[in-house]
Amino acid sequence: MANVVVVGSQWGDEGKGKIVDWLSERADVVVRFQGGHNAGHTLVIDGTAYKLSLLPSGVARPGKLSVIGNGVVFDPHAFVAERKRLEGQGLQIGPERLRIADNAALILSLHRELDAIRENASTGTRIGTTGRGIGPAYEDKVGRRAIRVMDLASLDDLPERVDRLLAHHNPLRRGLGVPEVEASVILEELTSVAAEIVPYVDRVWRLLDERRKAGDRILFEGAQGTLLDIDHGTYPFVTSSNTVAGQAAAGSGLGPSAMGFVLGITKAYTTRVGEGPFPSEQDNEVGRFLGEKGHEFGTVTGRKRRCGWFDAVLVRQAVALNGIHGLALTKLDVLDGLEEIKVVVAYELDGTRIDYLPASLADQRRVVPVYETYKGWQGTTAGARSWSDLPAEAVKYVRHIEELVSAPVTLLSTSPERDDTILVRDPFQD
């Protein structure tokens, strides 16, 4: 049995929540390995929608162990609020169902404040963050001044750690013209929630190693998408973590040899939330059609998503960056009824045809998409559970995508419902 790494192959919002939930039936352990509560997943189970931001999608399935890995930046108050909200919907999320890495860095109120201050500044580059404090928390982690989950179990040592953190943040806040933070405020913020967190804390690297050796199947759940990766995305309009498959090892504490099948979640068209380049964007009637029919609003922020045609150049690049073995193609049903469908097959940059997205922001803004046009279909793909249920032109469209991005479709999702999924190849049987 192969362990499976799930990543987004575009700018996030590809439908990872449903696919991870669907795959979790076959898994024993589900692991979040990067990001924070800026990652929105909506699961629709028996007509009930569960909105997840921080918790792994496995919490919706009884009998599965969910794990928040060390690569995640963890907001303790957001965790408590999300857990209580989901428990109010009938899910049981006790320590026997969920473990949190002791060496994960914390997100604090001062991180959220700094995020908002920067985004609202009249100068500099507006990134379009969720304002959840993700970036500033990662900065403190890399700067070796972060307060970590394990510190909540050592309250006597917290004052020293808080002083070290504020030695950086208060001069920064003075420079930004905002009031300094009193150490007592941060201490109260941490001590008030410690008892809610400590029962969940574990040495996740050891736990996962033991479960792997016992033969358990592990599902690694990525957040955001490849094009938001801090190194490989449309920098600087990216998130603050590595979103590619290689991070599953570093962000969980398991070595690369423990990874197996890499599944790239891929929307049948393209969307993006926030600022940054988007070569295939359709700021027109087509974009409005895709947005309205696809209900393209962010799970976390509620922001309207920008919509455009499928970009095979970007997905082909993501296939290479992640070592993707197969795609899970989602939201094919949104394209139902279109007379014609366009796909980006290359770019032109200053008159030269290229087959990749340049790393330079200036070049990314100047690329001109080269399209191929395919015949649409008037039948419906919604709810299809076998290839025979699909219109012939829809099957042709899927086959074109496979050829253009050099990866086969492993799963095909035809609605938000868990069971409306066509399985071509079981990633856990690879």
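F33 sits in the loop between strand 2 (29-32) and strand 3 (41-45). The model is predicted. F33 counts as buried because its relative accessibility is 0%, under the 20% cut-off.

**Surroundings of F33**
- F33 and G253 are 220 residues apart in sequence, yet their C-alpha atoms lie 9.1 Å apart in space.
- Leaving aside residues up to four places away in sequence, F33 touches V5, V6, G71, V72, F220, E221, G222, V244, Q247, A248, G251 and S252.

- D75 lies in the loop between strand 6 (73-74) and helix 2 (76-88).
- Its relative accessibility is 2%, so D75 counts as buried.
- The side chain of D75 makes a polar contact of 2.7 Å with the side chain of R112.
- A polar atom of the D75 side chain also lies 3.1 Å from the backbone nitrogen of H77.
- Beyond four places in sequence, D75 touches H37, L54, I107 and R112.

**Helix 5 against helix 6**
- Two packed helices are described by the angle between their axes and the distance between the axes.
- Helix 5 (residues 158-176) packs with helix 6 (residues 183-197) at an angle of about 125°, and their axes are 10 Å apart.
- The two helices are therefore oblique to each other.
- Helix 5 and helix 6 cross in a right-handed sense.
- On the helix 5 side, the contact uses L158, P159, V162, D163 and L166.
- On the helix 6 side, A183, I186, L187, L190 and T191 meet them.
- By class, this contact has eight nonpolar, one polar and one charged residues.
- D163 is the charged residue of the contact, and T191 is the polar one.

**Helix 10 and its ends**
- Which residues of helix 10 (residues 312-322) are buried? They are A312, V313, L314, V315, A318, V319 and N322.
- An α-helix has 3.6 residues a turn, so residues three or four places apart point the same way.
- At the start of helix 10, a side-chain oxygen of D311 comes to within 3.0 Å of the backbone nitrogen of V313.
- Just after helix 10, G323 adopts a positive phi of about 65°.

**Backbone features in loops**
- The peptide bond from Y235 to P236 is cis, with omega near 10°.
- P236 belongs to the loop between strand 10 (218-221) and helix 8 (247-250).
- R144 is not a glycine, but has a positive phi of about 65°.
- R144 is found in the loop between helix 4 (134-142) and helix 5.
- Is R144 buried or exposed? R144 is exposed, because its relative accessible area is 70%, over the 50% cut-off.
- D350 is not a glycine either, and has a positive phi of about 55°.
- D350 is placed in the loop between strand 16 and strand 17 (352-354).
- At 57% relative accessibility, D350 counts as exposed.

Terms used: Residues numbered from 1 in each chain as written. Predicted model: local features only at pLDDT ≥ 70, side-chain atom pairs only at ≥ 80, totals over all residues. Heavy atoms only, no water. Helix = DSSP H or I, 4+ residues; strand = E, 2+ residues; numbered from the N terminus. Buried < 20%, exposed > 50% of the residue type's maximum accessible area, 1.4 Å probe, protein only. Polar contact = N/O pair within 3.5 Å; in protein donor to acceptor, adjacent residues only side chain to side chain. Contact = heavy atoms within 4.5 Å. Axes fitted to C-alpha atoms, helices over the stretch in contact; angles between N-to-C directions. Parallel < 35°, antiparallel > 145°, perpendicular 65-115°, else oblique. Left-handed = near helix turned anticlockwise from the far one by under 90°.
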